[in-house]
Amino acid sequence: MSTEHNPRTTGERGLALIKESEGLRLSTYLDAVGKPTIGYGHLIRPGETFNGPISQQQAEALLRKDLADTEQGIAKAVRVSITQGQFDALVSFTFNLGAGALQRSTLRRKVNREEHADVPAEFMKWVWAGGKKLKGLIRRREAEAGLYTN
């Protein structure tokens, strides 16, 4: 395993996983639970408007801003040293579900107890959206679990 540390920014593998999982949509759309979204899974906040499609550069900028918020949420929730792969997996998970879900999760407790072998199974508990088990979420959680362990 690589040297343990506390990464503060998402690595290339984490970024690639998020982009692949979210996909790029330059026009607004509703996500799996009906929330207005644009770009790489950017949730459109109240008062935020997008008139027409955005550029890929704008989507990248929104993603970087969203990732900064996600990374801060992880920094507050995780109290132990983790590898870049573990951090990237948690960024993808938290980007998808929110810092509140991470904070309340058994997954976070397992990370903080350094029960790393138990963490991949915890990812797999988060494959439901709108009361349905989604294949896309199963693939994403499997990829996160793989990133966490490598």
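**Briefing: charge, fold and selected residues**

The protein carries 22 positive and 17 negative side chains, and the centres of these two sets are 6 Å apart. Lys and Arg are taken as positive and Asp and Glu as negative, while His and the chain ends are not counted. Each charge is placed at NZ of Lys, CZ of Arg, CG of Asp or CD of Glu. This is a predicted model, in which local features need pLDDT of at least 70 and side-chain atom pairs count only at pLDDT 80 or more, whereas totals for chains, interfaces and linings use all residues. Residues are numbered from 1 along each chain as its sequence is written, and side-chain values use heavy atoms, with hydrogens and water left out.

**Overall fold**

- The protein has 7 helices and 5 strands; these are DSSP runs numbered from the N terminus, with helices being H or I of at least four residues and strands E of at least two.
- In sequence order the elements run α-β-β-β-α-α-α-α-α-β-β-α.
- The radius of gyration is 15 Å, close to the 15 Å that the globule rule gives for 150 residues, so the protein is as compact as a globular protein of that length. The radius is taken over C-alpha atoms, and the rule is 2.2 Å times the number of residues to the power 0.38.
- Along the principal axes, the C-alpha atoms fill a box of roughly 45 × 30 × 25 Å.

**Surface and contacts**

- Of the 150 residues, 43% are buried. Buried means under 20% relative accessible area, exposed means over 50%, and partly exposed lies in between (1.4 Å probe, protein chains only).
- Among contacts with a separation of 6 or more, 58% are between residues 24 or more positions apart; a contact means heavy atoms within 4.5 Å.

**Helix α1**

- Helix α1 spans residues 12–22, and its buried residues are G14, L15, L17, I18 and E22.
- These residues cover an arc of only 160° around the axis, which puts them on the same side of α1. The arc is that of the directions from the helix axis to the C-beta atoms.
- Exposed residues E12 and E20 sit on the face turned away from the buried side of α1.
- Cover for the buried residues of α1 includes β1 (25–30), α2 (56–77), α3 (84–97) and α7 (135–149).
- G23 follows α1 and has a positive phi, near 70°.

- R79 lies in the loop between α2 and α3 and is exposed, with a relative accessible area of 63%.
- Not counting residues up to four places away in sequence, R79 touches R108 and N112.
- E114 is in the loop between α5 (106–112) and α6 (119–123). Its phi is positive, near 60°, in a residue other than glycine.
- Most residues other than glycine have a negative phi.

- Q86 is in helix α3 and counts as buried at 2% relative accessibility.
- Outside four places in sequence, Q86 touches H116, L147 and Y148.
- The C-alpha atoms of Q86 and L62, 24 residues apart along the chain, are separated by 23 Å.
- K133 lies in strand β5 (residues 132–133) and counts as exposed at 53% relative accessibility.
- Leaving aside neighbours within four places in sequence, K133 is in contact with V127, W128 and I138.
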